[in-house]
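User: I've got a chain open on my screen and would like to talk it through. Could you take my questions one at a time?

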Amino acid sequence: MGQVRALPAKVVAARAIAPSVPAVMSTLFDHKGAILFRNAAARDDFAAPKDTKRGTSTFVRHFADRSQGRHLLEAAAAGQTVRAEALVHTQAGVVRRAIEISPLIGRDEQTAFMLDEYLAAPLA
């Protein structure tokens with residue numbers, strides 16, 4: 001049997017924050033672009049500037065280019081699956097992410113969509 005060594009609390013906490021695999025930030029939106037659910041990684045990282053125009057959804061505001069956000073929202077509402085790279089707002093500022101948007105339909109025929117964000121390779 002090997003020895004057991006207790007790690008100081010700060011070391012344990014630091015290891016829990018830094019996962020061994022890249023995180024996937026998953027956010028579930030309703031058909032209008034309002035957040036329904038976020039996984040832990042998305043709760044820690046997701047950001048959207050305050051609404052300066054009435055009616056701009058959280059989904060659209062999450063994208064640095066709001067026209068791109070509106071286009072992606074329209075595609076999601078039409079039931080399309082989208083894979084792309086986009087600049088998005090995060091707690092650390094604007095970053096480039098690989099994204100995937102997947103349509104979902106609930107039991108009551110309510111539509112929603114899932115936005116999955118992955119860390120993208122830096123621009124060369």
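Predicted model: local features only at pLDDT ≥ 70, side-chain atom pairs only at ≥ 80, totals over all residues.

User: In what order do the elements of the protein chain run from the N terminus?

Analyst: The protein chain has 4 helices and 5 strands. Helices (H or I, at least four residues) and strands (E, at least two) are DSSP runs, numbered from the N terminus. Written out from that end, the order is α-β-β-α-α-α-β-β-β.

User: And what is the strand order in the open sheet?

Analyst: Strands count as paired if DSSP finds at least two bridges between them. The pairing here is antiparallel, and the 5 strands sit in the order 2-1-5-4-3. That leaves strand 2 (35–38) and strand 3 (82–90) as the edge strands, each pairing on one side only.

User: How many bridges join strand 3 to strand 4?

Analyst: Strand 4 covers residues 93–105 and runs antiparallel to strand 3. The number of bridges joining the two strands is 9.

User: At about what angle does helix 4 run to strand 3?

Analyst: Axes are lines fitted to C-alpha atoms, for helices over the stretch in contact (heavy atoms within 4.5 Å). Angles go from 0 to 180 degrees between N-to-C directions. Helix 4 (residues 66–77) lies across strand 3, strand 4 and strand 5 (111–119), and its angle to strand 3 is about 135 degrees.

User: Is T56 buried or exposed?

Analyst: T56 is in the loop between helix 2 (40–45) and helix 3 (58–62). Leaving out residues up to four places away in sequence, T56 touches D51, R61 and R66. Buried means under 20% relative accessible area, exposed over 50%, and partly exposed in between (1.4 Å probe, protein chains only). With a relative accessible area of 14%, T56 is buried.

User: Which residues are linked in a network of salt bridges?

Analyst: A salt bridge here is a side-chain nitrogen of Lys or Arg within 4 Å of a carboxyl oxygen of Asp or Glu, and the count comes to 4. The side chains of D45 and R97 meet in one of them, at 2.5 Å, N to O. D45 is in helix 2 and R97 in strand 4, 52 residues apart, and both are buried. The network is made up of D45, R97 and E117.

User: What about R83 and E100: which parts does that pair tie together?

Analyst: Their side chains meet in a salt bridge at 3.3 Å, N to O. R83 is exposed, with a relative accessible area of 63%, whereas E100 is buried at 19%. The pair ties together parts 17 residues apart in sequence, because R83 lies in strand 3 and E100 in strand 4.

User: How far apart are the closest N and O atoms of R96 and E85?

Analyst: R96 lies in strand 4 and E85 in strand 3, so this pair ties together parts that are 11 residues apart in sequence. E85 is partly exposed, with a relative accessible area of 46%. The two form a salt bridge, and the closest N and O atoms are 2.1 Å apart.

How values were computed: Residues numbered from 1 in each chain as written. Heavy atoms only, no water.
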